[in-house]
Amino acid sequence: MELFSLKGKTAVITGGTHGLGMAMAEGLAQAGAKLIITSTTPAKLTDALAHYKAQGFEASGYVFDVTDEAAAIEHVAKMEAEHGAIDILVNNAGIIKRVLAVDMPVEDFRRVIDVDLVGAFIMSRLVAKGMIIRRSGKIINICSMMSELGRTNVTAYAAAKGGLKMLTKNLATEWAPYNIQVNGIGPGYYATSQTAPIRVDGNPFNEFIISRTPAGRWGNPQDLAGTAIFLASDASNFINGQIIYVDGGLLATIGKPSNE
C-alpha cells in the first residue's frame with residue numbers, strides 16, 4: 001500500500017473549499033498529504049480550513065484568483081517559501097455560466113475560459129518549474145463530462161473543459177521527460193449542494209441522470225477520492241495524459257431505450 005501513500009507530500013488544491021474539490025482534498029489528506037487550499041473568498045477559505053483541521057488534517061490556505069498571473073506568481077512563491085516543494089497540484093477551480101450561446105455576452109464566455117482553462121495553465125506552468133528541477137511531480141486537472149459531450153446552455157464551460165482535456169495531454173507530452181505526470185479526472189453527475197434542488201423525485205433532470213447512468217445513481221463526492229489518491233501517488237507513475245472519467249459508466253453507454 002506504500003504505492004498509494006502520500007506521506008511527506010504537499011498538495012495544492014485550487015478552489016478546494018467545498019464540493020468535489022473538498023472531497024478530493026480530504027482523500028489526499030487521508031493518504032497523508034499536507035494540504036494547501038486556494039480560494040477567491042476569504043470567508044469560504046476560513047471555513048474550509050477549520051473543517052480540514054477539525055478532522056486532524058494539516059492545511060493552509062491562500063486567497064487569490066488563479067487567472068491573475070501576477071497574483072499567482074506571488075502566491076506560488078509564498079507557498080514554496082513557507083511549505084517547501086509542491087509535489088501535487090489539483091487544478092479544480094472552475095465556474096459555469098448557463099446561457100444559450102446566442103445570448104451569451106462575450107465577456108462572460110471569456111471569463112469562463114479564463115477560470116476553467118487559462119487558470120489551470122497559469123498554475124501548472126508555475127508549479128511545474130519546481131517539479132522540473134526536482135524531476136518529480138503530479139498535476140491533476142479536473143475535467144468534465146463536457147470534455148467529451150455537448151449540452152444546451154454550457155457552451156463556454158464545454159469549450160473550456162474540452163480545452164483542458166487537450167491541455168492535459170500536451171503538458172503530459174512536454175513534461176513526461178522530467179518524471180512529471182499530468183492527468184485529468186472527469187466527474188460525472190454528483191450529489192452536491194449545487195445539485196440538491198434538482199435531485200428530487202419527479203424532477204425530469206434527476207430522473208434523466210439516474211436512468212442515463214448505468215450505476216443508477218448520482219455520484220457521491222467521496223467517490224472521487226480514490227482516483228485523486230491514485231493519480232497523486234506513485235501507483236500512477238507510468239500513466240500520463242489520461243482523463244479518467246468517474247461517472248458511474250455514463251460515457252460507456254448511449255443509455256436505455258424508453259421502452260426497456
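Trainee: In this predicted model, how many residues apart in helix H3 are lysine 78 and glutamate 74?

Mentor: Their side chains meet in a salt bridge, 3.4 Å from N to O. Both residues sit in helix H3, residues 69-83. About one helical turn separates them, because they are four residues apart.

Trainee: Is lysine 165 buried or exposed?

Mentor: Its side chain meets that of glutamate 148 in a salt bridge, at 3.3 Å from N to O. Glutamate 148 lies in the loop between strand E5 and helix H5, and lysine 165 in helix H5, so the pair ties together parts 17 residues apart in sequence. Glutamate 148 is partly exposed, at 40% relative accessible area. Buried means under 20%, and lysine 165 has 17%, so lysine 165 is buried.

Trainee: Which residue forms a salt bridge with aspartate 223?

Mentor: Aspartate 223 is partly exposed, at 30% relative accessibility. The closest N and O atoms of the pair are 3.1 Å apart. The partner is partly exposed at 39%, and this partner is arginine 217.

Trainee: How are H1 and H7 oriented to each other?

Mentor: Helix H1 covers residues 19-30 and helix H7 residues 225-232. Their axes are 8 Å apart, and H1 passes H7 in a right-handed crossing. The packing angle is about 55°. Roughly parallel needs under 35 degrees, and roughly perpendicular runs from 65 to 115. H1 and H7 are therefore oblique.

Trainee: What is the area of the nonpolar surface patch made by Met1, Leu3 and Phe4?

Mentor: Phenylalanine 4 is in the segment before strand E1. At 33% relative accessibility, phenylalanine 4 counts as partly exposed. With Met1 and Leu3, Phe4 makes a nonpolar patch of about 360 Å².

Conventions: Residues numbered from 1 in each chain as written. Predicted model: local features only at pLDDT ≥ 70, side-chain atom pairs only at ≥ 80, totals over all residues. Heavy atoms only, no water. Patch = residues over 30% accessible without salt bridge, like charges linked within 9 Å, V, L, I, M, F, W, Y side chains within 5 Å. Areas by Shrake-Rupley, 256 points an atom, 1.4 Å probe, with all protein chains shown as cover. Salt bridge = Lys/Arg side-chain N within 4 Å of Asp/Glu carboxyl O. Helix = DSSP H or I, 4+ residues; strand = E, 2+ residues; numbered from the N terminus. Buried < 20%, exposed > 50% of the residue type's maximum accessible area, 1.4 Å probe, protein only. Axes fitted to C-alpha atoms, helices over the stretch in contact; angles between N-to-C directions. Parallel < 35°, antiparallel > 145°, perpendicular 65-115°, else oblique. Left-handed = near helix turned anticlockwise from the far one by under 90°.
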